[in-house]
Amino acid sequence: MSFANCFTATNANSTALQRPVNCAVVSVCFCLTNSRHTSSLLKLSTDIMSSLIARLANLSFKDGVFPSRYKAARATHTPLLKKPNLSPHEPANHRPISNLCTFSKILEKLVLSRLQPHAMKSTNYCKFQSAYQKGHSTEIALLRVVNDIQRAAGNGQCAALLVLDISSAFNAIDHTTLTDRARTVFSIHEVALDWLRCFITKRTQQIAVGSEKSAMFPYASDVPQDSVLGLTCTQSFYRYPIHL
């Protein structure tokens, strides 16, 4: 196995995620948005907090464990409608956006900076993947589709466009399938795989609207939609390329 940029070998039988240094933590902190008080305070105290967060990340990466207290998400704002034409009076038509702990997002970004380059080097990584990939967008995907159709028409060929819209796609993610593909398709093993499995499983969420709060309920087969790493892993590992 070659994990040059993603992992470091600790001995002949194990691999571990590269340990972040303080400067990497500082860089991640300054990339956080200022939408929360925690993010603003972190930016003002990175000289103190960076070493503490780096230690937390090092322990997490070493043991392949994501802190359980960071797995609880809370949707505290009014849930958004999945589509504009749906009735706002039907609970099933809303999409609650999970608010995750700021420290959770920092750990996610540190892991993402290690996992994504490794995945993108794989021959199994879909080169046409546009979502959650730096330098790519829906506009680029659309330009590629239009260009392919125009080239086919110019060469006198027949072109067919197959469009698949999966309703509530991120709510239909089987955790076992995701980790199995990370292991078998993208060669993510041992401690790194343990960390990824720990990150996506046994998560809980609570819905809060005004002063009313729901009971905590588990994520059965999805990833939190405010998660940086969860959505990227879903696109990279779960969405396997379709060859026609």
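User: Why is Arg 183 called partly exposed in this structure?

Analyst: In this predicted model, Arg 183 has a relative accessible area of 34%. Buried means under 20% and exposed means over 50%, with partly exposed in between, so a residue with 34% counts as partly exposed.

User: What makes the pairing of Asp 180 and Arg 183 a salt bridge?

Analyst: The side chains of Asp 180 and Arg 183 meet with a separation of 3.7 Å, N to O, and the cut-off for a salt bridge is within 4 Å, so the pair meets the definition. Both residues lie in helix H6, which covers residues 175-184, and they are three residues apart, about one turn of the helix. An α-helix has 3.6 residues a turn, so residues three or four places apart point the same way. Asp 180, at 32% relative accessibility, also counts as partly exposed.

User: How do you know that Arg 144 forms a salt bridge with Asp 148?

Analyst: The closest N and O atoms of Arg 144 and Asp 148 are 3.0 Å apart, and a salt bridge needs them within 4 Å, so this pair qualifies. The two residues sit in helix H5 (residues 138-154), four residues apart, which is about one turn of the helix. Arg 144 has a relative accessible area of 40% and Asp 148 has 34%, so each of them is called partly exposed.

User: Why is Phe 237 called buried?

Analyst: Phe 237 has a relative accessible area of 2%, and buried means under 20%, so the residue is buried by that definition. Phe 237 lies in helix H8, and, leaving aside neighbours within four places in sequence, Phe 237 is in contact with Ala 119, Leu 178, Arg 181, Ala 182, Phe 186, Ile 188 and Leu 196.

User: How do you know which helices line the largest cavity?

Analyst: Leu 112, Leu 115, Gln 116, Ala 119, Thr 232, Cys 233, Ser 236 and Phe 237 line the largest cavity, and helix H4 (102-120) and helix H8 (228-238) each supply at least two residues of that lining. The space in the largest cavity is about 30 Å³, and a search of the whole structure finds one cavity of 30 Å³ or more.

User: Why is helix H7 described as largely enclosed by the rest of the structure?

Analyst: Eight of the eleven residues of helix H7 (residues 190-200) are buried, so the helix is largely enclosed by the rest of the structure. The buried residues of H7 are Val 191, Ala 192, Leu 193, Trp 195, Leu 196, Cys 198, Phe 199 and Ile 200. Glu 190 is also found in helix H7, but at 30% relative accessibility Glu 190 counts as partly exposed.

User: Why is Val 163 called exposed?

Analyst: Val 163 has 64% relative accessibility, and exposed means over 50%, so Val 163 counts as exposed. Val 163 lies in the loop between H5 and H6, and together with Val 145, Ile 149 and Leu 161 forms a nonpolar patch on the surface, with about 360 Å² of accessible area together.

Key: Residues numbered from 1 in each chain as written. Predicted model: local features only at pLDDT ≥ 70, side-chain atom pairs only at ≥ 80, totals over all residues. Heavy atoms only, no water. Buried < 20%, exposed > 50% of the residue type's maximum accessible area, 1.4 Å probe, protein only. Patch = residues over 30% accessible without salt bridge, like charges linked within 9 Å, V, L, I, M, F, W, Y side chains within 5 Å. Areas by Shrake-Rupley, 256 points an atom, 1.4 Å probe, with all protein chains shown as cover. 1 Å grid on protein atoms, 1.4 Å probe; cavity = no way out; pocket = protein on both sides within 12 Å on 5 of 7 lines; lining within 4 Å. Points joined across faces, edges and corners; volume = space filled by probe spheres on them. Contact = heavy atoms within 4.5 Å.
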